[in-house]
Amino acid sequence: MGRPALNAAIMAVPAALLLSCAGDPEQSETGIARSTPAALGDNVTIASASEADDGQWVMPAKNYASTRYSTLDDIDTQTVSDLQLEWTFSTGVLNGHEAAPLIVNNTMYVVTPYPNTLFALDLTRDGALRWRYDPGPARAAQGVACCDVVNRGAAYWEGKIIYNTLDAHTVAVDAESGEEVWKTRVGDINIGETVTMAPLVVKGKVLVGNSGGEMGVRGWVKALDANSGEVVWTAYSTGPDEDVLIGDDFRPHYPQYVGEDLGVSTWPPDHWQIGGGTMWGWISYDPELDLIYHGTANPGPWNPDQRPGDNLWTAGIFARDPDTGAARWFYQWAPHDLYDYDGINENILLDLEIDGRLRKVLVRPERTGFMYVLDRETGEVLSADPYTYVTTTERVDLESGRPVHVAAKQPGTGYTVHDICPAAPGGKDWQPSAYSPRTGLLYVPHNHLCMSMQGLEANYIAGTPFVGAEVQMYAAPGDGHRGAFMAWDIVNRRKAWSVDEWFPAWSGALVTAGDVVFYGTMEGWFKALDARTGELLWQHRTGSGIIGQPVTYRGPDGRQYVAILSGVGGWSGAVVSGQLDTSVPYGALGFVGAMTDLPDHTTEGGMLYVFALPRR
């Protein structure tokens, strides 16, 4: 039986709140994020970090390489202090706003948390509302969602805005009229499945994954036909090879991933069917290698004593063929995950000169607190260095690819382990980084948290929490700050600079050719820093805490704009959006304990803010 404190917390409030989560000559010298331009129709193309920006923003990560880098440079280190508010738009929703707006053909598209309304705003008329689309998701989805009822954004493809709804549907909407084109059910909320991730469209296929690892669901990624919504293939994160889509083309770098049906044999009997490994994070695509890259989340339940073995294929990363879903390689960040270290963070695809050799790499600030650089052709770990305070792992053995854990920090049933660092949200959770080919630096919003954890016996009942742990989070050693925003020198494997934040830096990052990097704080500050030094150049106070993803674009008047959604919530901000009792530190799966003072700094409420330089 679970400890009364956790059970009481789960019963007190909805599970949704408690289980929560222009070409530059310097580029060739410091690394290029390559992705071949692909036409999306209506004169829209996918920009990459190596190409002149078309001024639009058609997918959450800006490009397939997931750099969140724009070559727009009107707003630079000299002019950014003149930024002024141009217009705002209220979404009318109070939950956490984690999405990035899209900008296509002089229209901005904004998708809200549940009830997942899609707004089209006319940029030729200062954001006037063109139309709204209400998908009408099932209200019951709120009760099974982990970590607030967030949505992380939409994607544009050939005249359609495509996104996911909390009740596990993927929907395509006509970008001009707002009429529904197709709608496909991809999961079942009755067993705890929801969908919160932003889709990626590759070669006419919409890639989506499920949430619900804390409900004991079985993780998957699906590909849907972008024109019809029909499911083309499904790849599971647990189970036999035929379900995981492991076949003759599967050639992992490390031997522990070679064998028949490891997605079954590395689990207790039949446990793989309720073992988690969901996919609610980010997907990247390399057109040259024709591979997609996606993570897999933590195994369930959290209590590791209930699932001996490596628990493949959870807490890792797959490279897959986008046409068939066939797996090409796999690497596991956290074998037999001990701490809820979901493996769903962003994958930044870069070509970098490492040790005198140009390598196609995948860079990943992982939840474990280590900055990984992988060969994205093979899955080999080239380097793995701690970027935040870590007590759980001594190092990563590059020969075997396995982390070397600290035995004293291993949790289990019936006893409490203190000073586990990073805490369950990791050194960094879902909040995406940005990379500038001008500076060679990766800009990483992240956490500075530790936790105490006790394993509990969890029983599986479909559609109910399946966690098996009591957790309390708190600030890592220091002055009490719980977050940071840093620049990481990838090639030289070191921190370039860092700025402490009082709360976890839970927003995404944006960097531009003006050498300005943007992000938001949970108190509500929208900040611009010098990308080379970290100096604060400008900030604006918004109406709520910021956990959204900033974007930039060129408006119909030729000016460069920057936009961000404000609206606190998510796992870290559930204490505000869910109005949780701050005297119960175990609320929101232990996050409340680290955020008891957040309600003193901000209130809930979704609002879009759009900034630009003054007209000349």
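This is a friendly talk about how to read some features of a predicted protein model.

Biologist: Before we look closely, what should I know about the model and its numbering?

Modeller: The model is predicted, so local features need pLDDT of at least 70 and side-chain atom pairs count only at pLDDT 80 or more, while totals for chains, interfaces and linings use all residues. Residues are numbered from 1 along each chain as its sequence is written, and side-chain values use heavy atoms, with hydrogens and water left out.

Biologist: How many helices and strands does the protein chain have?

Modeller: Helices (H or I, at least four residues) and strands (E, at least two) are DSSP runs, numbered from the N terminus. The protein chain has 6 helices and 40 strands. Its C-alpha trace spans about 65 × 50 × 50 Å along the principal axes.

Biologist: What share of the residues is buried?

Modeller: A residue is buried under 20% relative accessible area, exposed over 50%, and partly exposed in between (1.4 Å probe, protein chains only). Of the 616 residues in the protein chain, 68% are buried. Valine 208, in strand β14, is buried with a relative accessible area of 0%. The C-alpha atom of valine 208 is 8.0 Å from that of methionine 279, although the two are 71 residues apart along the chain.

Biologist: How many residues of helix α6 are buried?

Modeller: In helix α6 (residues 570-577), 8 of 8 residues are buried, so the helix is mostly covered. Among them are Trp571, Val575 and Val576. After α6 comes glutamine 579, with a positive phi near 50 degrees.

Biologist: Now for charges: how many salt bridges are there in the whole structure?

Modeller: Side chains of opposite charge can pair when their charged atoms come close. The rule used here is a side-chain nitrogen of Lys or Arg within 4 Å of a carboxyl oxygen of Asp or Glu. A search of the whole structure finds 33 salt bridges.

Biologist: Where do aspartate 243 and arginine 218 lie?

Modeller: Aspartate 243 and arginine 218 form a salt bridge, with closest N and O atoms 2.8 Å apart. Aspartate 243 lies in helix α4 (residues 241-244) and arginine 218 in the loop between β14 and β15 (220-225), so this pair ties together parts that are 25 residues apart in sequence. Arginine 218 is buried, at 16% relative accessibility.

Biologist: Is aspartate 321 buried or exposed?

Modeller: Aspartate 321 is buried, with a relative accessible area of 12%. Its salt-bridge partner is arginine 328 (3.3 Å, N to O), which is partly exposed at 27%. Elsewhere, shared partners join Asp286, Glu288, Asp351, Lys360 and Arg376 into one network of salt bridges.

Biologist: In what order do the strands of the open sheet stand?

Modeller: Two strands pair if DSSP finds at least two bridges between them. Here 4 strands form an open, antiparallel sheet in the order β17-β18-β19-β20. The edge strands, β17 and β20 (327-332), each pair on one side only. Between β17 and β18 there are 4 bridges, and tyrosine 285 has isoleucine 292 in β18 as its bridge partner.

Biologist: How many bridges join β32 to β33?

Modeller: Strands β32 (residues 483-489) and β33 (residues 494-501) run antiparallel and are joined by 7 bridges. Alanine 484 stands opposite aspartate 500 in β33. The hairpin has 4 residues between the strands, and arginine 493 takes a positive phi near 60 degrees there.
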